[in-house]
Amino acid sequence: MIKICQQEGKVLTGLKEMKNKPDHTCPVQQACALAQEARRASCGKDTMCRDGLAQLHLLCESVSFGSAVPGDLELLKECCEVIVLAGGCEMAVSCAEAILESLQLYAEEWAEHAGGRKRCRALDCDAFCHVYIDPVLCTGCGTCIAKAPEGAVEGGEGLISVIRLEEGLKGEAFLSLCAKGAIKKYSGNVIPPHPADPVPVGSFGAGRRRRRG
């Protein structure tokens with residue numbers, strides 16, 4: 001194949017991290033970031049570099065945002081293969097090869113994002129994450145209520161706080177408010193045990209404890 005674009009694969013800073021994925025890192029988010037980086041660095045001379053990278057980025061984002069439809073993962077794979085086969089841009093090929101490897105190595109996580117489970121194990125994709133107050137750790141101090149938008153968190157002094165509206169609460173600024181670490185994220189269809197309404201601190205689940213012996 002004729003190399004049209006002069007951009008080299010080594011310009012992509014995200015390649016190293018893609019090939020050595022840290023624990024608790026979302027492969028879909030990695031792919032989105034890499035595709036976006038490559039797209040911005042593209043000189044636009046090669047069709048696969050210009051339009052192919054744009055398509056890769058859009059497909060990765062659709063998976064990350066929870067808007068993927070059946071067949072999108074296969075389409076993403078095919079798009080990567082076409083870019084690699086065309087070979088007109090070293091940078092685009094490096095990006096496509098890295099995403100292909102991710103699709104293979106972390107197939108289950110990609111499938112969880114794009115399939116019915118709608119889950120992000122790393123808790124990086126807000127579309128698949130929810131926030132709750134851990135009833136075991138909550139001390140009823142009310143800090144989360146004071147810092148959250150009005151009506152978003154319900155509770156009071158000595159009561160376990162309960163989240164009513166998640167809008168604006170998934171960011172690190174809110175998650176790190178609680179000194180006890182009671183504000184947590186979860187992903188998937190299994191909701192962690194917590195009260196439906198504010199109850200006195202220490203009371204939730206007390207009646208379900210079993211005696212030993």
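Author: Start with aromatic pairs: rings of Phe, Tyr and Trp (its six-membered ring) pair if their centres lie within 6.5 Å; planes under 30 degrees apart count as stacked, over 60 as edge-to-face and the rest as tilted. By this rule the count is 1 aromatic pair. The model is predicted: local features need pLDDT of at least 70, side-chain atom pairs 80 or more, while totals for chains, interfaces and linings use all residues. Numbering runs from 1 along each chain as its sequence is written, and side-chain values use heavy atoms, without hydrogens and water.

Reader: Why is the pair of Tyr132 and Tyr186 called edge-to-face?

Author: Its centres are 5.8 Å apart and its planes stand at 75°. The limits are within 6.5 Å and over 60 degrees, so the label holds.

Reader: What makes this pair a tie between parts apart in sequence?

Author: Tyr132 is in strand 1 (residues 129–133) and Tyr186 in strand 4 (residues 183–187), so the pair ties together parts 54 residues apart in sequence. Strands (E, at least two residues) and helices (H or I, at least four) are DSSP runs, numbered from the N terminus.

Reader: How do you know that Pro198 touches Ile160?

Author: Contact means heavy atoms within 4.5 Å. Pro198 meets that rule with Ile160, and also with others including Glu154, Leu159 and Arg164; residues up to four places away in sequence are not counted. Pro198 sits in the segment after strand 4.

Reader: Which residues of helix 4 meet helix 5?

Author: Among them are Leu73, Leu76 and Cys80 in helix 4, facing a set in helix 5 that includes Ala92, Val93 and Leu100.
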